[in-house]
Amino acid sequence: MVVRLGLKQVPLRSTYRHLRTQARHDYDMRDAVDSTAAFPRPAGLATPRQLARYLDEYVVGQENAKKVLSVAVFNHYNRVQSNLSQPQASEAASGWSEQSFEDMISPAQIHPHPYRMPPIHATPLQLREHPPLFEKSNVLVIGPTGSGKTLLAKTLARVLDVPFSVSDATSFTQAGYVGDDVEMCIQRLLIASGWDERRASSGIVYIDEVDKIARKAGGMEGQRDVGGEGVQQAMLRMMEGTKVTIHAKPSGPVPGSDLGPMGGDSRSRSGPRPPAPEPRSDTYSIDTTNVLFILSGAFVGLEQILKNRISKGSIGFTANLASPSKSATDASVPFFTPNHKASDNILDMVEPTDLVKYGFIPEFTSRLPTITTLAPLTPSDLLRILTEIRGSLVSQYTSLFGYSGVEVRFTTPALREICRQAAERGGGARGLRGIMESLLLDAMYEVPGSNIKHVLIKESVVRGEQGALYWTRGDGAAFWTAWAEEEGSVRNQSS
């Protein structure tokens, strides 16, 4: 439409919109496309099965704990990638309001293709669907000492592509008291990330010995529990997600400074000195919303709390009452059991209410939705730790004697006797090293620098009936004969 004003013709902008002349499809075009193409798995990200197989090379048993930690790490990768992409997608979607009204009008499509995506300039008018923000699921690992809790964390740290820090809860105290503040675990995470705030905000924090911060019972009235409940309260917001300010400066020379190897100016004193570099900021702000927390502890005494909860009492004149002096290991599990396979580890029955009785506040336990337990190691598991896994104790001591040019061998009955003594002593895998150190002490003292080239450890040596057997150079045949005699007796007994 044109309006004449004097000698000029002024066109008026059309106020109507073009309508689509082609009927819309009655199905969603996104269904015809691969649904996984929009959110592909990052390249190089190991699956939970691959992570569990890697843990099998270093840790014996504990299948459920490996499964839980592998799934937690895998979901942490996906959660971080999805949550960090949400702000960028929302900013891109909010830019449509700045476009003109004419640019938002899409032309009619006479022959649309079913797989053809809508034009780029038409997408702002459509409602964009984004995946929801995923909340993290912190993990609590419960298991006796020497069962592999710390080894699981150290093994995972080797393969993860995110910063990983390990801290000890025994040194944590409430802010303002002697000891480390809870923010120290975030500072270690920042150091592990190379002082990169963005990478540190998506890392994993592993805190060991968390059972040591349980509420102390029997304290003086009015006395503050700065190392127990105070630490739990300080960790609440950190585990949930908050901004943590770290006041620290990375060690080492400041980038840009021209200093010699001894710290002085490398240039001539007569020449002009370079301008002093500006001081770097010593304040870092870390957002713990996407930081995964893995806590572990031995929780000594938790078994008795579980048995008191699940034990079934009885009444009557002929009721069987348990003796108060009955040890915790002799107590029995409930008479009525569920239909699924019962577990020999009583810690598998742990519930958040048991942790509250142990000394944790309910707000702390509610921030640990995933709880997994580790079972005590059996003698067969200890034998695998000695011989099969990567970095086994036998391979360590074999290499240690190899530096002195000495060959050391253990017979099968000797290894079984070592595992039996370690199981009786307790301490799990740590008990094995104690026995090996005391068993090989005399050999490690006498062999270096001597003419001894072969050392044999038999079952009688482990029992203390005789010392280690030595052979010099040229007596290798006698050494292998003595080893084969005891090995042959074992095969004859098994057959």
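Two strands pair if DSSP finds at least two bridges between them. The views below show close-ups of a predicted model.

**View 1. Strand β3 and its partner β9.** β3 and β9 run in the parallel sense and are joined over four bridges. One of the residues involved is valine 141, whose bridge partner in β9 is threonine 372.

**View 2. Strand β3 and its partner β8.** Four bridges link strand β3 (residues 139-142) to strand β8 (residues 292-297), again in the parallel sense. Here valine 139 has isoleucine 294 of β8 as its bridge partner.

**View 3. The side chains of β3.** In a regular strand, side chains alternate between the two faces of the sheet. In β3, Val139 and Val141 point one way, while Leu140 and Ile142 point the other way. All four of these residues, Val139, Leu140, Val141 and Ile142, are buried.

**View 4. The open sheet of five strands.** The strand order is β4-β5-β8-β3-β9, and the pairing is parallel. β4 (164-168) and β9 (370-373) are the edge strands, each pairing on one side only. From one strand to the next, the twist averages 20 degrees.

**View 5. The crossing of helices α11 and α14.** Helix α11 (residues 379-387) and helix α14 (residues 429-439) have axes that come within 10 Å and cross at roughly 60 degrees. The two helices, α11 and α14, are therefore oblique to each other. Their crossing is right-handed. On the α11 side the contact is made by Leu382, Ile385 and Leu386, and on the α14 side by Ala429, Leu432 and Met436. These contact residues of α11 and α14 comprise six nonpolar, no polar and no charged.

**View 6. The packing of helices α12 and α14.** Helix α12 (residues 393-402) packs with α14 at an angle of about 30 degrees, and their axes are 11 Å apart. The helices α12 and α14 are therefore roughly parallel to each other. α12 passes α14 in a right-handed crossing. From α12, the residues Leu393, Gln396 and Tyr397 meet Leu432, Arg433, Met436 and Glu437 of α14. The contact of α12 with α14 is made up of four nonpolar residues, one polar and two charged.

**View 7. Lysine 212 in a loop.** Lysine 212 is found in the loop between β5 and α7 (229-240). Its relative accessibility is 37%, so lysine 212 counts as partly exposed. The C-alpha atom of lysine 212 is 8.2 Å from that of phenylalanine 299, although these residues are 87 residues apart along the chain.

**View 8. Tryptophan 483 in helix α17.** Tryptophan 483 sits in helix α17 (residues 476-494). With a relative accessible area of 19%, tryptophan 483 is buried, since buried means under 20%. Leaving aside residues up to four places away in sequence, tryptophan 483 touches Arg409, Phe410, Thr411 and Leu456. The C-alpha atoms of tryptophan 483 and isoleucine 457 are separated by 8.8 Å, and the two residues are 26 residues apart along the chain.

Technical notes
Residues numbered from 1 in each chain as written. Predicted model: local features only at pLDDT ≥ 70, side-chain atom pairs only at ≥ 80, totals over all residues. Heavy atoms only, no water. Axes fitted to C-alpha atoms, helices over the stretch in contact; angles between N-to-C directions. Parallel < 35°, antiparallel > 145°, perpendicular 65-115°, else oblique. Left-handed = near helix turned anticlockwise from the far one by under 90°. Contact = heavy atoms within 4.5 Å. Nonpolar A, V, L, I, M, F, W, Y, C, P; charged D, E, K, R; others polar. Buried < 20%, exposed > 50% of the residue type's maximum accessible area, 1.4 Å probe, protein only.
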